[in-house]
Amino acid sequence: RSAAVGVGIALVGLACVVQVWAGLRLDLIGVLAGLGAAACQAAFFLAADRAVGRVDPLVMTATGFAIAVVVLAVCAPPWNVPWHEFGVEVALGGHTAPGWLLLTLLVLISTVVAYVTSVAAVHRLSAPIAGAVGYVEAVAAAVFAWVILGEHLSPVQLAGGLIVLVGAFVAQRSVAARGQVIGELPVMETVGVTRSSG
């Protein structure tokens with residue numbers, strides 16, 4: 001129950017962070033793309049949850065990357081990638097940085113580290129709770145955009161970020177509660193065996 005409550009709280013905060021009411025209009029392709037992304041994310045968390053104790057997070061992540069490379073190679077052939085951009089300075093906010101450095105950060109931090117830690121989180125928290133904690137990603141992105149790119153965050157967005165954190169905390173508390181219940185089961189079973197033997 002606390003996991004469901006935490007997800008609900010986090011969704012409210014997330015709506016404030018992205019300001020869903022600003023310029024709200026529905027686009028069929030956008031809605032379908034969003035539902036597809038949600039389905040893929042849910043499948044990812046559920047697959048990671050089923051693999052607990054059987055597949056190492058690194059192995060699962062590497063397998064997912066291999067499949068993604070094949071799919072993306074069809075959608076965006078390697079020969080269409082502007083490889084020359086990696087050797088020049090690229091604009092980033094009010095600064096510039098080497099293209100190869102941004103690519104390295106994108107691959108290592110935004111992809112490899114992000115997915116490995118996501119799988120590790122599912123192994124320790126379960127899929128529903130890890131999904132709720134994952135809502136913090138949008139808050140972190142907004143904060144980084146504020147700090148690095150100088151984007152403005154409104155008071156509503158800041159409040160939404162705090163609400164997301166509260167929701168993630170509430171959802172994560174269900175892990176401790178579940179652990180206590182599971183930890184009590186052997187004791188109860190032992191008592192039952194003792195009484196039956198008596």
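Author: In this predicted model, 21% of the 198 residues of the protein count as buried. The secondary structure comprises seven helices and two strands, and from the N terminus on these elements follow the order α-α-α-β-β-α-α-α-α.

Against that background, the largest pocket holds about 1400 Å³ of space. Its lining is made up of 36 residues, of which Gln41, Gly134, Tyr135, Glu137 and Ala138 are the closest to the centre. Two or more lining residues come from each of helix H1 (2–18), H2, H4, helix H5 (127–133) and helix H6 (136–148), and among these contributors H4 gives the most, with eleven residues.

Helix H4 covers residues 99–125, and valine 107 is found in it. Valine 107 counts as partly exposed because its relative accessibility is 39%, a value that falls between the limits of 20% for buried and 50% for exposed. This valine also belongs to a nonpolar surface patch, formed together with Trp100, Leu101, Leu103, Leu105, Leu106, Leu108, Ile109, Val112 and Val113, and the accessible area of the patch is about 840 Å².

Helix H2, another contributor to the pocket lining, spans residues 28–50, and its end C-alpha atoms lie 33 Å apart, which agrees with the 33 Å that its 23 residues should span at 1.5 Å a residue. The buried residues of H2 are Phe44, Phe45 and Ala48.

Conventions
Residues are numbered from 1 along each chain as its sequence is written. This is a predicted model: local features need pLDDT of at least 70, side-chain atom pairs count only at pLDDT 80 or more; totals for chains, interfaces and linings use all residues. Side-chain values use heavy atoms; hydrogens and water are left out. Patches are made of residues with over 30% relative accessible area and no salt bridge: like charges are joined within 9 Å, nonpolar side chains (Val, Leu, Ile, Met, Phe, Trp, Tyr) within 5 Å. Accessible areas come from the Shrake-Rupley method with a 1.4 Å probe; for residues, only the protein chains shown count as cover. A salt bridge is a side-chain nitrogen of Lys or Arg within 4 Å of a carboxyl oxygen of Asp or Glu. Helices (H or I, at least four residues) and strands (E, at least two) are DSSP runs, numbered from the N terminus. Buried means under 20% relative accessible area, exposed over 50%, partly exposed in between (1.4 Å probe, protein chains only). The expected span of a helix is 1.5 Å times one less than its number of residues. On a 1 Å grid over the protein atoms alone, a cavity is a set of points where a 1.4 Å probe fits but cannot get out, and a pocket is an open set with protein on both sides within 12 Å along at least five of seven lines; lining residues have an atom within 4 Å of a point. Grid points are joined across faces, edges and corners, and a volume is the space filled by probe spheres set on the points.
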